[in-house]
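These are my notebook entries on one structure. I set down what I looked up, in the order in which I looked.

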Amino acid sequence: MSKKVDQNRRKALHITSGIVGAVTVAGFAVPFLSAWNPSEKAKALGASVEFDLSKLEVGAMAVLEWRRTPIFVVHQTSKALENLPKLDSKVTNPAIEEGITRSENSKYTVLKGVCTHLSCAPKYYPEIEPKAWDQEWLGGFFCPCHGSKFDLAGRVYKGVPAPTNLEVPPHSFDGDVLIVGDSA
Ligand code: FES
């Protein structure tokens, strides 16, 4: 694997969607309107978020924001797809029925970036190399708060504080566009 690709994998794109940005600006500009019209505000907060997947390189992760929750979008490598089934016996709930990537698209995984232990933000470590927390690390997420670890599909390892897999938000795909939200 080239150094350039490796660096790209380590890079997580932090992207806030245009929709969410617009909501934030509107919130500052018209505070009275927000106060007078709570149902509209609630509607905006619940709006779906779109993301152009063509911007996301193989091995990279984007962080979107939906309902004030970070959403991790991982473009899985072929190596990751090959390795994920090898971890079925190491995770608490293999969630086989959800598919290898836990999404309808076998190239991408979409997760809420919130640790299921006490809600810290897990960090993305896609490298396949020994780590302090796992000498046989095949890539995934590590939560520094209390040491929970998840694979690249967000499945929680056995024997860590987090009780369940990282949650998958409602989402769908329209060609190269990912839609996150209830209307998806
Ligand atoms: S909050 Fe992640 S391990 Fe405790």
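**Entry 1: strand β2 and its sheet**

I began with β2, whose covered face carries V49 and F51 and whose uncovered face carries E50 and D52. I worked on a predicted model, in which local features need pLDDT of at least 70 and side-chain atom pairs count only at pLDDT 80 or more, while totals for chains, interfaces and linings use all residues. I follow the numbering from 1 along each chain as its sequence is written. For elements I use DSSP runs numbered from the N terminus: helices are H or I of at least four residues, and strands are E of at least two.

I then asked which strands pair with β2 and in what sense. The sheet is open and antiparallel, with three strands in the order β2-β10-β9. Here two strands pair if DSSP finds at least two bridges between them. I noted β2 and β9 (171-174) as the edge strands, each pairing on one side only. Neighbouring strands of this sheet are turned by 20 degrees against each other on average, direction ignored. For such angles, axes are lines fitted to C-alpha atoms, for helices over the stretch in contact, and the values run from 0 to 180 degrees between N-to-C directions.

I found four bridges joining β2 to β10, and the two run antiparallel. E50, from the uncovered face of β2, stands opposite I179 in β10. F51, from the covered face, has L178 in β10 as its bridge partner.

**Entry 2: the nonpolar core**

I next looked up the largest nonpolar core, which has 30 residues. A nonpolar core is a set of buried Ala, Val, Leu, Ile, Met, Phe, Trp, Tyr and Cys residues joined through C-beta atoms within 7 Å. M61, L64, I71, V73 and V180 touch the most other members. The elements that give two or more residues to this core are β2 (49-52), β3 (61-66), β4 (69-75), β5 (108-112), β7 and β10 (177-180).

I took V180 as a case and listed its contacts, leaving aside neighbours within four places in sequence: S48, V49, L64, W66, I71, V110, P169 and H171. Two residues are in contact if their C-beta atoms, placed from the backbone, lie within 7 Å.

**Entry 3: the sheet of β6, β7 and β8**

I turned to another open sheet of three strands, which has the order β6-β7-β8 and antiparallel pairing. Its edge strands, each pairing on one side only, are β6 (123-125) and β8 (148-151). The twist averages 25 degrees from one strand to the next.

I counted three bridges between the antiparallel strands β6 and β7, with K123 opposite F142 in β7. Strand β7 (residues 140-143) and β8 also pair in the antiparallel sense, over four bridges. In β8, F141 has F150 as its bridge partner, and F142 has K149.

Is C145 buried, exposed or partly exposed, and why? It counts as partly exposed because it has 15 C-beta neighbours inside 10 Å. A residue is buried if 20 or more other C-beta atoms lie within 10 Å of its own, exposed if 12 or fewer, and partly exposed in between, with C-beta atoms placed from the backbone. Not counting residues up to four places away in sequence, C145 touches C115, L118 and C120. Its C-alpha atom is 8.4 Å from that of P122, 23 residues apart along the chain.

I then located P170 in the loop between β8 and β9. With 13 C-beta neighbours inside 10 Å, P170 counts as partly exposed. The C-alpha atoms of P170 and L111, 59 residues apart along the chain, are separated by 9.4 Å.

**Entry 4: the chain as a whole**

I recorded five helices and 10 strands for the protein chain. Of its 184 residues, 28% count as buried. Of the contacts with a separation of 6 or more, 58% are between residues 24 or more positions apart.

Finally, I checked confidence through pLDDT, the predictor's confidence in each residue, from 0 to 100. The chain has a mean pLDDT of 83, and 75% of its residues reach 70 or more. I noted a pLDDT below 50 over residues 1-11, a stretch with nine contacts in the model beyond near neighbours in sequence. Residues 15-36 also have a pLDDT below 50, with 18 such contacts.
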